[in-house]
Amino acid sequence: MNLLQSYQSGLSSYDEVLDLNGKIKPHWKALFATFEKLGIHELKNRNQEIISKLRENGVTYNVYGAPDGMNRPWQLDPIPFLIEQKEWNAIAKGLQQRAIVLDLLLKDIYGPRNLVRDAIIPAELVFENTGFFRSCIDIKVPAARQLTLFAADMARGPDGQMWIVDNRTQAPSGSGYTLENRIVMSKLLPELADGMYVSKLSPFFNSIQNTVLRLSDKSKDAPNIVYLTPGPGNEAYFEHAYLASYLGYTLAQGDDLLVRNGSVWLKSIDGLQKVDVIVRRVDDDWCDPLELREDSRLGVPGLLQAIRLGNVQVLNPPGSGVLENHAFLAFMDNICQYFLGEKLLMPNVATWWCGHKKELNYVLDNIDELIIKKANRKSRFSSIYGRLLSYSEKEALKRTISSRPNEFIAQQEVSLSTTPSLIDGHIEPRYAALRAFMVADENGYHVMQGGLTRSSAVKDRFVISNQQGGFSKDTWIVSDKSEEPQDRIVLNTPAAVNKHVSLPSRSAENLFWVGRYCERAMAVIKFMNITINVLNLDRNFGGSAKQEHIKILLQSLTHVSSTYPGFLEGDEKLNDPYREIIALTSDPYRPGTVASNIGAFLNAVGAVRNQWELEIWRIVDLIDNGYQEIRNASHMNSTNIQRTLDGLFNNMFTFLGVIAESMPRDNSFLLLETGKLIERILSKISVIQSNFGVRNAPAVENELIEATLINHHMLVNYRQIYKSHLSVEAMLDMILLEPSMPYSLGYMLDELKKNLAELPATTRGERLNEAERLALKASTLIKLANISELSKYNWNDERTELFNLLAEVAGIISSVSTYLTNQYFSHALIHHSFEPLDYDTDEV
């Protein structure tokens, strides 16, 4: 029995593979023939490659409250969902009609409300609708269609036709995941499309870009378009960053924007930049705390007034969520007849609103056959299947519905179609639903030639949401021939435009801290490995042959990591250093540990994920794997810990190397490099102060010199120059002043000074800003230092001049960091605005 026959034998309901006559659809037959060639074993192998690829690419869907909630990998079934082009053309017409009707409904609800006046819909569907906001009545975009972006959830009903299950109108999600699914499938399972043509997705995104450009100020060659996200904590943040990068828009959070003089401005390190269009992924009621939800930190105070004045265009306009009320499905036929004088081309799942007596009685009498839902989507109420309730539960539910009938709807529980899915290495039928995407264009609505299909992970249960463990599928609109050439994204802007894209202050801050946390973690790992190597040479540490240099190195490790008191407190930890080293490695909740620093690094990287190429994400994934390992370091021995730390260090070094080779030399790169240099300077100063601040025996000092040179990546170079002679004076000369060594203090200070000079000017008419002056002062102090004097002890056996010089330089560099924070990263106060604003330009 082949795979197709085996699959057919397991079917118990209508399936996508079969037509209405029970015959195999041609393209499904071709797909199963390809599976047969591949073999189930190879299909399972490819599925593992898909899982790895999605993880490498950082594709996640966060689920609140789940153990892996903030980093749950996106799940993609390797078996696509097929719809033939001829059928899809009919579906697309039905979807376009639905979008037109909903657009007219939206304009009527926030306009004349003729539907209520003429009793086509009950008033409760508007005025008791949690998505209806009176403050949005005059919120519009200057276009024929107010509902710019629209998504509809569909499933195939028992009559073989696609039925609309739900509408998504305020900030439809899923198109970015759809695109990523297609990219991954085309790379890892290209042969599945043998013998058929699969429609491309790119024309849909091209249409989005053209629509957004038409909404912007036509006098501008390159409008400032912002993609507004709730932030990294949102379940679909990956998609927000992914689409912002793909479409070429600036990813921003609410705090990155402000309203001034009736316009919306982006807070950037260049100053304030006027925003022309906002593509929002923030729900309606969170958009503007002044007029909507007052406790919102996700929106922009004053946004609605800026829209009213026509100074910014937002799509979809706030208030669009009113259409997501489930009860509208019960009235769609009448609404369509009222507006268009025609019947719906695509049916809904049969829906009853309990606010009418006749419908209420029907629901109460037939509750066994129905699914009960709240009319308002935002209600915290899970769908209830009447047939699953006990007699007492049914009676209680009936009483609840009867007491507040306006709040409830009922939908017919019908048998929807199944589709082939790879489950535990076997091809099995699972219920599936398809989300289709539309965007308004100059001709009406453009329907994506594909969509986001989700299938249930549980047999015989229609549980398809990603939050409840459903799988996604690549959706193929297939035919035997390509109907028309389809192009990738083409911008309707002059090719000569070279618009500088400003960096939002929040993104700037995160990039700065990506550099700092990366370097901070690497500094601790590097010095920890040096210390462990020394410990491994003297397993009798703590005994009669106690080595003084090991104590100093352990104490230096505490200073470098700032995990006080650490090895500075008593002899207990010194006598058993591995226990503290394991804690310094694995405790994610103790500031300064390797785990804590890498966790902070990963958070900062994720917050600006739109900045990174795929190659960088793959390295981040390797770092994340190492992070998970070291969090379990309490079960490791010193050898395993060191191996894991080596891997982490190498991957973080690679991360910086790929950035250095691939990242544009713009403000993003400068801030990351600046953060890295500040942290590197401070960590190297800490090591020098700790190791050489006081007099030690010559043998001890020789060990410390070698460890310090290793920490500065200079041991080989030192030996080439000085052979085997170890001298504090020679070492200090090299690690402080050598102009050709990237880890010498003089070199790093010069690089810091160069970076600071290239950042956006913060004052006018001055050659150097405060940060540049500070960096120049620190560099000058080091270069004017007398190495011979720094090497000497005072009467108290302390190298006072060395310690004080380095302490002064460290203080100066900390002041540079504070200056950058105040100047570029403040989200509450906007700098550079003491001069009058010229509202005809983007400059402040």
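This report describes selected helices, strands and nonpolar cores of a predicted model.

**Nonpolar cores**

The largest nonpolar core has 111 residues, and those that touch the most other members are Ile-598, Trp-612, Phe-655, Leu-736 and Leu-820. Helix 14, spanning residues 505-537, is the main contributor to this core, with 16 residues. Leaving aside residues up to four places away in sequence, Trp-612 is in contact with Leu-511, Val-514, Val-605, Trp-617, Phe-655, Ile-659, Met-663 and Leu-672. Another core, of 67 residues, lies apart from this one, and its members include Ile-109, Phe-150, Leu-266 and Val-447.

Helix 7 covers residues 175-188 and spans 20 Å between its first and last C-alpha, close to the 20 Å expected at 1.5 Å a residue. Of its 14 residues, 11 are buried, so that helix 7 is mostly covered. Among the buried residues are Tyr-177, Leu-179, Val-184, Met-185 and Leu-188, and also Glu-180 and Arg-182.

In helix 11 (residues 332-340), the buried residues are Met-332, Ile-335 and Cys-336. They line one face of the helix, because they fall within an arc of 100 degrees when seen down the axis of helix 11. Helix 4 (85-109) and helix 5 (114-117) are included in what covers the buried residues of helix 11. After helix 11 comes Gly-341, with a positive phi near 70 degrees.

Strand 1 is largely enclosed by the rest of the structure, because eight of its nine residues are buried. Its partner here is strand 20, with which it runs parallel.

| Strand pair | Bridges | Direction | Residues standing opposite |
|---|---|---|---|
| Strand 1 and strand 20 (residues 471-479) | Six bridges | Parallel | Glu-84 and Val-478 |
| Strand 12 and strand 15 (residues 408-412) | Three bridges | Antiparallel | Trp-352 and Ala-410 |

Note on methods
Residues are numbered from 1 along each chain as its sequence is written. This is a predicted model: local features need pLDDT of at least 70, side-chain atom pairs count only at pLDDT 80 or more; totals for chains, interfaces and linings use all residues. Side-chain values use heavy atoms; hydrogens and water are left out. Helices (H or I, at least four residues) and strands (E, at least two) are DSSP runs, numbered from the N terminus. The expected span of a helix is 1.5 Å times one less than its number of residues. Buried means under 20% relative accessible area, exposed over 50%, partly exposed in between (1.4 Å probe, protein chains only). A nonpolar core is a set of buried Ala, Val, Leu, Ile, Met, Phe, Trp, Tyr and Cys residues joined through side-chain atoms within 4.5 Å. Contact means heavy atoms within 4.5 Å. Two strands pair if DSSP finds at least two bridges between them. The arc is that of the directions from the helix axis to the C-beta atoms.
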